[in-house]
Amino acid sequence: MTDRLSPLGTPWRTFEDLAVGETRVSHTRTVTEAEIVEFARAHDPQWFHTDPEAARASVFGEVVASGIHVLAIWRQMDHAINGDIDFVCGVGWDRLRLKRAVRAGDTLRVSSEILSLEPSRSGKPRGTAVTRYVVALEDGTECVTFESTNLVYTRGARDRSATSASAEA
């Protein structure tokens, strides 16, 4: 929190900089069979994720990405669009839905929309942001949707951190 610039190379955006209705959309990313299989072998070794031959007999007819894999891809893509938000931490996900299997060759895009912002009721230098996320195909077909609740630092928290860091220097 003491760095002047976010990982995106832009100033950090604090709670006061966010707005209900704000949307962001990521670049696209194409998922490969090799990465689906590699991820699944390490983290979710179900046969329809790890064995292309056997997966042909599954309800999917081919290897599909694990839901956990799709969420890991979301995490990477979200950092590219919201990596400038001065998050304290995430505190929960609600309404998580795996709506469509992600297959090799699918090209994904992530979008975010801030649904609500609530200042701390305890007076702490942070607020709560609820954001709706969608992982979708290029044509807009939704694969994964959920709402994420996150704590976000206020300007006061950043100012105090910068002041204490410069006092220590």
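## Ground rules

The model is predicted, so local features need pLDDT of at least 70 and side-chain atom pairs count only at pLDDT 80 or more, while totals for chains, interfaces and linings use all residues. Residues are numbered from 1 along each chain as its sequence is written, and side-chain values use heavy atoms, with hydrogens and water left out.

## The cores

Let's start inside. The largest nonpolar core has 24 residues; a core here is a set of buried Ala, Val, Leu, Ile, Met, Phe, Trp, Tyr and Cys residues joined through side-chain atoms within 4.5 Å. "Buried" means under 20% relative accessible area, "exposed" over 50%, and "partly exposed" in between (1.4 Å probe, protein chains only). Val102, Leu108, Val110, Val135 and Val144 have the most contacts inside this core. At least two core residues come from each of α1 (33–43), α4 (67–82), β4 (107–119), β5 (126–137) and β6 (142–153). Helices (H or I, at least four residues) and strands (E, at least two) are DSSP runs, numbered from the N terminus. The top contributor is α4, with six residues.

Take Val135: leaving out residues up to four places away in sequence, Val135 touches Val70, Trp74, Leu108, Arg109, Val110, Thr141, Glu142, Cys143 and Val144, where contact means heavy atoms within 4.5 Å. Another core, of six residues, lies apart from the largest one and includes Phe15, Ile85, Ala129 and Val152.

## A buried serine

Ser112 sits in strand β4 and counts as buried because its relative accessible area is 5%. The Ser112 side chain makes a polar contact of 3.1 Å with that of Asn82. (A polar contact is a pair of N or O atoms within 3.5 Å; within protein, one must be able to donate a hydrogen and the other to accept it, and residues adjacent in sequence count only if both atoms are side-chain atoms.) Setting aside neighbours within four places in sequence, Ser112 is also in contact with Glu22, Thr23, Arg24, Ile81, Thr131, Arg132 and Tyr133, among others.

## Salt bridges

There are 14 salt bridges, each a side-chain nitrogen of Lys or Arg within 4 Å of a carboxyl oxygen of Asp or Glu. Glu62 and Arg103 meet at 2.8 Å, N to O. This pair links distant parts of the chain, 41 residues apart: Glu62 is in the loop between α3 (52–55) and α4, Arg103 in the loop between β3 and β4. Glu62 is partly exposed, at 31% relative accessible area.

Arg95 and Glu147 pair up at 3.2 Å, N to O. Arg95 lies in strand β3 and Glu147 in strand β6, so the bridge ties together parts 52 residues apart in sequence. Arg95 is exposed, at 54%, whereas Glu147 is buried, at 18%. Arg132 and Glu142 form a salt bridge at 3.8 Å, N to O, joining strands β5 and β6 across ten residues of sequence. Arg132 is partly exposed at 28%, and so is Glu142 at 26%. Finally, Arg13, Glu22, Arg24 and Asp84 are linked in a salt-bridge network.

## On the surface

Trp93, Leu96 and Leu98 make a nonpolar surface patch of about 290 Å². Patches are made of residues with over 30% relative accessible area and no salt bridge, with like charges joined within 9 Å and nonpolar side chains (Val, Leu, Ile, Met, Phe, Trp, Tyr) within 5 Å; areas come from the Shrake-Rupley method with a 1.4 Å probe, and for residues only the protein chains shown count as cover. Leu96 belongs to strand β3 (residues 87–98) and is partly exposed, with a relative accessible area of 34%.
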